[in-house]
Amino acid sequence: MTKKIIFVHAPRIEYEQNYGVTLVPLWAFALAAYIPDDWDVEVYNTQIDGPANLVGSADVYALSGMNYDIRSVKEAREKIKTNHPDATFIVGGPMVWSMEQEGKLSLLEEFDHLFILDGEETLPKFLSDFNSRNTEETPKIIRSNRFAVSQSVPIRFDLLAPTARKYYGGMIEVSRGCPFLCEFCDIRVLPGNNRSNNKSPEVIVEELDRYYKLGINQIQFACDNFIGDIQWARACVDAIIEWRERTGAKISIFTWLTINLHKMPELMEKMRIAGFSIINIGIESVNRNSLLETAKVQNTANEIHEAVSIIQSYGFVIIPGFIFGFDSDDEEVFNDTLKFKIETGLMGGEPAFLQALAGTPLFKRLERSGRVIPADEQAAIVRKGNIGVETYIETNVRYLLDSNFLAEGFMEFIRTYISADFQFARFKRHMEILETYGNYIEPPDSGGYASFWEYLKYQVTDFSNFRMLLN
């Protein structure tokens, strides 16, 4: 009798997380492509398919998530277990890796097996053993070597097709790894993550084409740094341009990369032609000493104001990462950041406080000096959002700056940041940069990853999103 595995995507839902839109759960549809042929496969997304207690029968249920998803993932498992008590439950993904780094794998003890790192090879082997009843010898913790992304195959678009229209955008994992060694970043501590691990441009184009044929044209390129391997990035962009010219496809791409992009005018021009519209760049701080402190050396090599302006001048919208709480921050940190946003015309980005992620050099340094706050002592600021949902601003770091100053300064920062005058001033400066530099590249179509009409269409066709939008 054929056995069945169901991938259950059960994220913690916050309206602010993706501004009310639903993206294709890449992990589930990607891993589904590696399941042995003698297994039936289904993907169940609690965002669009209903609550977890409605999940159908299967022999194995696979769950995954980020750190903040742990409660929703555990709740989904409990609901499914109530209806299907004899099934096997497995969990993997970033959440499991992080829990191991923090020494908290016991928080996931109710799962039968925990998968650490990449599952493209370990999951098929587990299911083959399951089929031949060899699971008695299968350890609870299943650890893998890093998977060569160059060997990736396209995701299971046949499984996506029935619900494709319910998603605002799709995702393609294009590469893993980053050559930089920022102290606070947990990407650098993953095995092999400081060398290139890239998907072939041919497979990326195939996935773009299949997404587009399903009616999905807003695409996230999931990666740690799109320009970590410049030669591969150029080949990838060239392949996308050739595909667009051949098919007339209209797409918009969002991705993550570093400030070094400003040194590559030819690549920026081609990226715009290929359809790249929004890019996430970790600026982190406008204080040079804070950048040096945390080894963000790529942001100190050139004048950061000019670098940001050059990138934006080609038509990119930068979503910047800003972090408050570095040891070198001074009492002007909030005012200096607001000034920087005005001077550069940055259109997006929300700041956060420094967190010491388990396994990072930052965590180890602060732990040695007694500045990591135990979980049961961590302070939280509770904020009731405009849809009645309580959210938490938490920290596990004892900052050098006074905590009252940081809390009050942050709230004043936010009040200024959301004011109409501030928003107009940075928009005005953004438009001045586009006009002054003369680098603007008009993409082949007028759409964008944050297309207003695409976003509005998605909101009004989903009752829960429409209710939140009205609020």
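Is Cys182 buried or exposed?

Modeller: Cys182 is buried, because its relative accessibility comes to 6%. Keep in mind that this is a predicted model. The closest cysteine sulfur to that of Cys182 sits in Cys185, 6.1 Å away, and that is too far for a bond. A disulfide needs the two sulfur atoms within 2.5 Å. Across the structure, the disulfide count is zero.

Now for the surface. Phe424, Phe427 and Met431 make up a nonpolar patch there, and together they have about 310 Å² of accessible area. Phe427 belongs to helix H14, which covers residues 420–437. With a relative accessible area of 39%, Phe427 is partly exposed.

Last, have a look at the sheet. This one is open and has six strands, running in the order E7-E10-E11-E12-E13-E14 with parallel pairing. Strand E7 (170–173) and strand E14 (351–353) are at the edges, each pairing on one side only. On average, and ignoring direction, neighbouring strands of this sheet are turned by 20° against each other. If you follow strand E13 (residues 317–324), you'll see that E13 and E14 pair in the parallel sense over three bridges. Zoom in on Phe322 and you'll find its bridge partner in E14, Pro351.

Notes
Residues are numbered from 1 along each chain as its sequence is written. This is a predicted model: local features need pLDDT of at least 70, side-chain atom pairs count only at pLDDT 80 or more; totals for chains, interfaces and linings use all residues. Side-chain values use heavy atoms; hydrogens and water are left out. Buried means under 20% relative accessible area, exposed over 50%, partly exposed in between (1.4 Å probe, protein chains only). Patches are made of residues with over 30% relative accessible area and no salt bridge: like charges are joined within 9 Å, nonpolar side chains (Val, Leu, Ile, Met, Phe, Trp, Tyr) within 5 Å. Accessible areas come from the Shrake-Rupley method with a 1.4 Å probe; for residues, only the protein chains shown count as cover. A salt bridge is a side-chain nitrogen of Lys or Arg within 4 Å of a carboxyl oxygen of Asp or Glu. Helices (H or I, at least four residues) and strands (E, at least two) are DSSP runs, numbered from the N terminus. Two strands pair if DSSP finds at least two bridges between them. Axes are lines fitted to C-alpha atoms, for helices over the stretch in contact, and angles run from 0 to 180 degrees between N-to-C directions.
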